[in-house]
Amino acid sequence: MEAAAGPVIIGGGLAGGLLALALRELGAEVTLIDLPPPGGYSATTISYGAVPGWPLAATPLARLAARAPGLWRRLQGLYGPLGWRPAALRLHGQNQALRGLSRFGVLPFGQVDTAVLGRRWPELLTTAGVERLSVAVERLDPHPAAGATLHLSDGRDLRAAQVVLAAGSGCRRLWPDLPSRFRSSWAAVLALPAYPA
């Protein structure tokens with residue numbers, strides 16, 4: 001049985017990849033498990049075209065999301081072009097809530113060329129020293145001491161002290177036996193008023 005030197009992340013899209021990069025910056029060894037998406041398109045490569053630079057709601061999560069343009073700038077400063085570029089939205093009409101967030105009737109905004117991001121993402125992770133495995137997790141068993149044993153589709157077993165599921169929409173493909181209570185993508189979790197209560 002092989003042992004991972006550091007955390008194992010299941011899912012190599014934006015969430016899993018950013019976590020892997022952050023852990024590498026802290027000096028951790030990281031193993032990232034991901035499969036090429038069917039047809040070459042993943043949620044990451046098709047859904048990150050717009051990056052608002054203002055909070056879309058009055059919630060802590062929305063305030064954090066408004067920092068995204070600065071984080072994209074930092075990523076590109078560290079790793080080179082990833083397809084993000086600054087842009088602006090010009091306001092028309094009298095939406096007072098948005099006018100309060102704007103400067104001279106313009107809201108900060110960014111756009112991501114997802115074709116560039118999709119091309120550069122695997123290369124960026126490899127350059128950063130992330131170990132990438134193109135396999136699925138057929139089964140995950142808790143380890144008696146700590147962590148878990150991942151039984152991989154290529155026949156190997158991988159022991160990991162820490163496992164992070166960041167597979168989003170690809171979770172069923174990357175971990176077919178994922179327990180039903182975990183089968184939820186971050187994209188389905190919205191900052192909404194309590195509904196139902």
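A salt bridge is taken here as a side-chain nitrogen of Lys or Arg within 4 Å of a carboxyl oxygen of Asp or Glu. By this criterion, Glu2, Asp154 and Arg156 are linked in a network of salt bridges. The model is predicted: local features need pLDDT of at least 70, side-chain atom pairs count only at pLDDT 80 or more, and totals for chains, interfaces and linings use all residues. Residues are numbered from 1 along each chain as its sequence is written, and side-chain values use heavy atoms, with hydrogens and water left out.

A search of the whole structure returned six salt bridges. One of them joins the side chains of glutamate 2 and arginine 156, at 3.2 Å from N to O. Glutamate 2 lies in strand 1 (residues 2-3), and arginine 156 in the loop between strand 9 (148-152) and strand 10 (157-160), so the pair ties together parts that are 154 residues apart in sequence. Strands (E, at least two residues) and helices (H or I, at least four) are DSSP runs, numbered from the N terminus. Glutamate 2 is partly exposed, at 33% relative accessible area. Arginine 156 is also partly exposed, at 29%. Buried denotes under 20% relative accessible area, exposed over 50%, and partly exposed the range in between (1.4 Å probe, protein chains only).

A second pair lies within a helix. Arginine 120 bridges to glutamate 123, with the closest N and O atoms 2.9 Å apart. The two residues are three apart in helix 6 (residues 114-127), and so are separated by about one helical turn. Arginine 120 is buried, at 15% relative accessibility, whereas glutamate 123 is partly exposed, at 44%.

Arginine 139 and aspartate 141 form a further salt bridge (2.9 Å, N to O). Arginine 139 is partly exposed at 42%, and aspartate 141 is partly exposed at 25%.

Helix packing was examined next. Helix 1 (residues 14-25) and helix 4 (residues 68-79) pack at about 60°, with their axes 13 Å apart. Axes are lines fitted to C-alpha atoms, for helices over the stretch in contact, and angles run from 0 to 180 degrees between N-to-C directions. Helix 1 and helix 4 are therefore oblique to each other; angles under 35 degrees count as roughly parallel, over 145 as roughly antiparallel, 65 to 115 as roughly perpendicular, and the rest as oblique. Leu14, Leu18, Leu21 and Glu25 of helix 1 make the contact with Trp72, Arg74, Leu75, Leu78 and Tyr79 of helix 4 (contact: heavy atoms within 4.5 Å).
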